[in-house]
Amino acid sequence: MSINSRFIEYFRDTFFQDKEEEFEQFLTAIEQPIPRTIRIKPWHEDSVKSHLESDGWILDKTNIPRVYSMDRREDFDPLERRLGFSLDHIVGNFYIQELAAAHPVDILAESAIHEDGFLILDMASSPGGKTTQLTEYYPNSFIIANEPTRERIPQLLQNLHRMWTPNVGITLYPGQYWKKYSETFDRILLDAPCSGEWTLYKWTDAVKHWHIKNIKEIARLQTKLLDAWLHALKVWGEMIYSTCSLNLLENEWVLDAMREKYGQSFEILYQKKFWPHIDGTGGFFVAKIRKIASIESEKQGERRGTRNEKLTRYRWWIGDWQIDSKYELYEHDKKILAVSGSTEKIPDDIYFMRFGEEIGKKDGGIFYGDIWISRYIDTANIPTYKISTEQELDIYLRGWSIAADCSDGYILLSYDDTVIWLEYCENWEVQSTFPRDWQRK
Ligand SMILES: C[S@@+](CC[C@H](N)C(=O)[O-])C[C@H]1O[C@@H](n2cnc3c(N)ncnc32)[C@H](O)[C@@H]1O
């Protein structure tokens, strides 16, 4: 299949008039695979790097902190497991994220980790690459990860769980709905639904169906979403508008439409388009905006939400476990949730389908902790069982039990210097409770 002629015409006329050579470079670049990059969690950089390097990967720093480009060493074992199945990935020590896609949050946070307790809205969040990045840059804030497309929720849930995100709640509202929450959020990320030109190299539908009519339709939705965030952002709050597209309609023109409507109320602090042939990334657009004056709210209609009212607060003991006091504990529908961040800033009528992280269940008055609970308790007095070979690890990650030299009771399972999580030892055997969805097949 060749590139859609409407796409070629639009891009040549709009961006590359009298620049035929550059246009050819652009067309060649969009057909190349995007270089593979990963984002490593703060405090795990050294260990993850050394594990991956010993697996045959070459890691190079990029211009974003903790984001590395990855290449395979010549002697890379082709039978080596996929990056996604490595233990560090499974326990959430890194996220596979394209370099351009790592820019919006980095630009919002100016590459720094912030101690402030903000309320942050991630208006279009699945699969959660940028939500999990927000938790790394804003560990004391509470982040609302909003995603209205139901089919995209399981992947978001899985990534949030894997990356350990007690300061995130998921909501399912269409982005436009947030307009009703006038001047509520300190920071907003709108990584807008877009036409996806950057995925051209994969020969996806974006290529086949590129048509200015579709682009106009998407741009109309983007303008509505941007309008909503401008209302929802606090004065002096900052936000990012980003898309995975390069055309004018979804980017510069959406900002122009906002300028026309609310020009006195915001300033653009930063704006950049990432071009595949110049930046070596996928195509991407990022703008950072600060709200500098209030916007009069139009008549807004009713807010529909009601807060999950059956949340019961706990102190920090649950069953046998003492939970670190930096987490709040809640019970909802028999689930026990650990939550952190500036929850006091959340409006009362927001309904969450996930609120913080589930750490176990309470049934008949008895608490059954999940393996995840090891992330939230003081583990100093729990014995560690070290898995000693890759083979034994593989058996465990396939969900089978391993023979282990341990006494009956809870143990922390580890491999190399990575703690996996809590398991139970009985009769010199550890029954793997490794989540079925994540098991090696
Ligand atoms: C570019 S993706 C987001 C990627 C995500 N921020 C990440 O970094 O992993 C855009 C998302 O917007 C969602 N979306 C579609 N319509 C929307 C709407 N009206 N309001 C909010 N989000 C919407 C899509 O389902 C999609 O998940």
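In this predicted model, Q97 touches T37, I38, R39, A102 and G129, leaving out residues up to four places away in sequence. The C-alpha atoms of Q97 and T37 are separated by 5.8 Å, although these two residues stand 60 residues apart along the chain.

**Q97 and its surroundings**

- Q97 is found in the loop between β4 (94–96) and α5, and one of the residues that Q97 touches is A102, which is also among the α5 residues that meet α6.
- Q97 has 19 other C-beta atoms within 10 Å, and it therefore counts as partly exposed, since a residue is called buried if 20 or more such atoms lie within that distance.

**Helices α5 and α6**

- Helix α5 (residues 99–109) and helix α6 (residues 129–137) have axes that come within 10 Å and cross at roughly 30 degrees.
- Because angles under 35 degrees count as roughly parallel, this crossing makes α5 roughly parallel to α6, and the crossing in which α5 passes α6 is right-handed.
- On the α5 side the residues that meet α6 are A101, A102, P104, V105 and A109, while on the α6 side they are G129, K130, Q133, L134 and Y137.
- Sorted by class, the residues of the contact of α5 with α6 comprise 7 nonpolar, 2 polar and 1 charged.

**Helices α9 and α10**

- The axes of α9 and helix α10 (residues 252–262) are 9 Å apart, and the two helices pack at an angle of about 45 degrees.
- That angle makes α9 oblique to α10, and the crossing of these two helices is right-handed.
- The residues A219, Q222, T223, L226 and L230 of α9 make this contact together with W253, V254, A257, M258 and Y262 of α10.
- The contact of α9 with α10 has 8 nonpolar and 2 polar residues, and no charged residues.

**The nonpolar cores**

- The largest nonpolar core has 88 residues, of which M123, I188, L189, L190, W229, A232 and M239 touch the most other members.
- Helix α9 (residues 212–232) gives the most to this core, contributing 9 residues.
- If its neighbours within four places in sequence are left aside, L189 is in contact with P104, V105, L108, D122, M123, K130, L134, M239 and I240; among these contacts, P104 and V105 also take part in the meeting of α5 with α6, as do K130 and L134.
- Another core lies apart from the largest one, and its 8 residues include L87, V91, L397 and F434.

**Details of the backbone**

- The peptide bond from S126 to P127 is cis, with omega near 10 degrees, and P127 is placed in the loop between β5 (119–122) and α6.
- W164, although it is not a glycine, has a positive phi of about 65 degrees, and this residue lies in the loop between α7 (153–163) and β7 (168–171).
- W164 counts as partly exposed because it has 18 C-beta neighbours inside 10 Å.
- D416 is likewise a residue other than glycine with a positive phi, here near 55 degrees, and its place is in the loop between β22 (409–415) and β23 (418–426).
- D416 has 16 C-beta neighbours inside 10 Å, so that D416, too, counts as partly exposed.

Terms used
Residues numbered from 1 in each chain as written. Predicted model: local features only at pLDDT ≥ 70, side-chain atom pairs only at ≥ 80, totals over all residues. Core = buried A, V, L, I, M, F, W, Y, C linked by C-beta atoms within 7 Å. Buried ≥ 20, exposed ≤ 12 C-beta atoms within 10 Å, placed from the backbone. Helix = DSSP H or I, 4+ residues; strand = E, 2+ residues; numbered from the N terminus. Contact = placed C-beta atoms within 7 Å. Axes fitted to C-alpha atoms, helices over the stretch in contact; angles between N-to-C directions. Parallel < 35°, antiparallel > 145°, perpendicular 65-115°, else oblique. Left-handed = near helix turned anticlockwise from the far one by under 90°. Nonpolar A, V, L, I, M, F, W, Y, C, P; charged D, E, K, R; others polar.
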